[in-house]
Amino acid sequence: MANAQSDQADSTKDNTNAFVLSPHGCFVVVEGAFDNPLSSVHRPDKADRIDNAFFQRLSTPSSPSQNLIFDCNSTTSHYFLPDLFAAYTYLPQNVRYFQTSKPHSNLKYSSSINSSQYFSVFHTQNITRNWNIGLQYDVNYLDGTFAKSSVMNQFFNLTTNYISNNGRYRIAGAFIRNRAYVLENGGLLSDSLFQNQLFSKPETYPTNLSEGSSKYKTADFSLYQSFDFNRNSSSEGRIFNPGTLSLQTNFMRSARLYKDEYLTEADSLATRSLQNNLFWTNETKTNKHLIVNLGVKHELLMFSHKSNSPVFNILSPTAKVVFNHKMFSFSAEGTRSLSHESYNGDFDLRASASMSVKNNHICLLAGSGKQSNQYIYSHYVGENQSWDLPQEKTDYAFLKASYWFADILTCNLNYFRTNNRPVMRSSDMTIVYSDIINIIQAQILAKKEWQHFGLQTNCVFQHIDDETYLHLPLFMAKQSIYFKFSLFGGKLESNAGIDLRYNTSYYADKYLPEFGLFAYQSETKSGNYPYCDIFVNARIDKCNVFLALSHPYAGLFGYNYISTPLYPEEGLSLRWGLSWNFVN
């Protein structure tokens with residue numbers, strides 16, 4: 001139960017907890033939610049985090065992007081929302097709830113000579129002993145290097161949760177609002193124009209679109225309630241106890257609106273989804289040996305585009321069993337969808353085993369499933385493009401092995417097998433489905449500080465046996481090396497260092513602004529270019545400040561810094577910013 005409910009005799013002690021909702025209707029504690037690490041303050045763009053994914057993106061930071069680390073993720077919802085802003089958007093799965101004895105606030109701001117601005121404000125506090133409210137508001141405004149490449153994004157979430165005095169009843173609500181506006185230029189008319197430096201200024205390069213724009217917007221409402229039927233500690237300790245029943249209701253809306261000079265009216269694709277999730281678990285604070293989760297999810301799903309508004313009813317029962325014994329843990333779970341329409345027969349099965357000895361942890365995870373693909377791959381009607389294809393399903397299977405030592409080192413070795421995966425080809429806008437693809441993936445993540453030195457690294461190796469339908473870089477790396485020092489008698493904590501980002505050359509997907517998708521192409525290779533940021537960070541009381549020089553050698557070794565065809569990366573940039581924590 002939240003620490004905020006503990007004895008308040010010591011009013012100076014700060015008792016805080018942050019939670020996220022698990023897919024099985026339980027609150028999971030988030031570690032380090034209120035940290036303000038000095039080593040990462042110079043990365044205001046969330047896509048540049050060392051411990052996050054690798055993103056292929058357009059010229060302007062915070063613009064549409066896609067993850068380059070392959071994975072088989074079973075979706076918790078079928079509503080269409082491309083993960084073009086995965087690093088920035090708030091979803092029901094990543095929104096945090098809080099219980100805190102003191103108000104917590106954080107303010108972030110960053111600006112650069114390229115007219116880019118990041119602003120974020122976070123605040124949470126308990127209105128009463130057991131009732132908390134929290135909000136977070138992020139704004140990204142970036143006026144891109146090239147003509148008509150601005151990005152104006154707003155991401156907001158408001159949360160509240162209440163715990164009864166006896167801790168048996170809990171209610172939590174959230175409102176999420178994501179807005180992303182992209183001024184689309186369709187990329188430069190030709191990469192060779194940039195690589196050969198035929199124009200003196202980036203904003204003078206001809207682009208494929210002169211009046212294009214995309215608007216993405218979502219609004220999510222969720223209400224969660226849970227009731228613990230255990231009356232006392234003795235019943236909580238039994239494996240076969242009355243358990244906890246939870247009900248979660250979500251209403252989600254998402255839409256994308258696209259227009260350019262070639263359309264007489266805007267193209268759009270909208271989704272509405274109403275979900276009700278009912279779960280039961282016997283997990284308690286004292287029963288951690290044999291945990292059973294049972295649930296059922298009902299989803300009412302509707303898509304809307306120019307000529308059609310289909311409605312789907314999907315019922316998905318789910319079950320999970322977890323066995324814990326001293327150093328060993330095993331779990332198995334499964335979900336299956338029942339529907340009279342296309343989504344019937346979707347399923348996801350997973351099993352994992354883990355062992356821990358002191359600071360050493362080993363985990364094995366295996367899974368397989370069948371998933372209906374996003375609606376846009378089967379049905380779409382727009383101004384210039386339309387198709388009506390069968391609703392295909394993708395088969396997938398995976399095996400993952402992980403080893404981690406404390407919070408210092410993590411090693412992952414993964415195998416994926418996927419079949420009938422949808423692929424849009426950029427050459428003719430056709431949609432095809434892949435044959436069997438096998439992917440082997442190895443990853444190393446490390447974080448360590450020695451006296452005056454610090455290191456953060458994320459390296460990924462990926463091998464594909466058939467690149468007819470999928471291209472990925474063979475190797476990707478993010479690296480941060482810094483030197484720590486103090487000034488003014490230790491009152492000013494500082495570090496200075498360098499960030500490096502690199503991936504090998506590969507046929508990067510081409511961005512299609514008319515659909516808001518990255519599409520397969522095999523004509524132009526991108527990559528094999530190291531990006532560098534030089535930074536200085538400092539902490540003054542509870543305020544972290546930074547100064548960073550990005551891509552200082554732009555143009556010195558050629559103009560081949562293009563991560564997405566027709567979208568060269570930004571050149572030299574000087575940024576500054578701060579991150580300020582307030583605890584009252």
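**Charged side chains in a predicted model**

Modeller: Strand 11 (212-228) and strand 12 (244-259) each contribute at least two residues to the positive patch. Strands (E, at least two residues) are DSSP runs, numbered from the N terminus. This is a predicted model, in which local features need pLDDT of at least 70 and side-chain atom pairs count only at pLDDT 80 or more, while totals for chains, interfaces and linings use all residues. Residues are numbered from 1 along each chain as its sequence is written, and side-chain values use heavy atoms, with hydrogens and water left out.

Biologist: Which residues form the positive surface patch?

Modeller: Patches are made of residues with over 30% relative accessible area and no salt bridge, like charges being joined within 9 Å. Lys and Arg count as positive, and the place of a charge is taken as NZ of Lys or CZ of Arg. Here the patch consists of Lys215, Lys217, Arg253, Lys259 and Arg272.

Biologist: Where does arginine 253 lie, and what is its relative accessible area?

Modeller: Buried means under 20% relative accessible area, exposed over 50%, and partly exposed in between (1.4 Å probe, protein chains only). Arginine 253 belongs to strand 12 and is partly exposed, at 35%.

Biologist: How many salt bridges does the rule give?

Modeller: Side chains of opposite charge can pair when their charged atoms come close. A salt bridge is a side-chain nitrogen of Lys or Arg within 4 Å of a carboxyl oxygen of Asp or Glu. The count is 12 salt bridges. In one of them, arginine 57 pairs with aspartate 45, their closest N and O atoms being 2.9 Å apart. Arginine 57 lies in strand 3 (residues 55-57) and aspartate 45 in the loop between strand 2 (27-29) and strand 3, so the pair ties together parts 12 residues apart in sequence.

Biologist: Are arginine 57 and aspartate 45 buried or exposed?

Modeller: Both are buried. A network of salt bridges links Asp45, Asp48 and Arg57.

Biologist: Which parts of the chain does the pair of arginine 539 and glutamate 493 link?

Modeller: The side chains of arginine 539 and glutamate 493 form a salt bridge at 3.3 Å, N to O. This pair links distant parts of the chain, with arginine 539 in strand 31 (residues 531-540) and glutamate 493 in strand 28 (residues 492-503), 46 residues apart. Arginine 539 is partly exposed at 22% relative accessibility, and glutamate 493 is partly exposed at 35%.

Key: Patch = residues over 30% accessible without salt bridge, like charges linked within 9 Å, V, L, I, M, F, W, Y side chains within 5 Å. Areas by Shrake-Rupley, 256 points an atom, 1.4 Å probe, with all protein chains shown as cover. Helix = DSSP H or I, 4+ residues; strand = E, 2+ residues; numbered from the N terminus.
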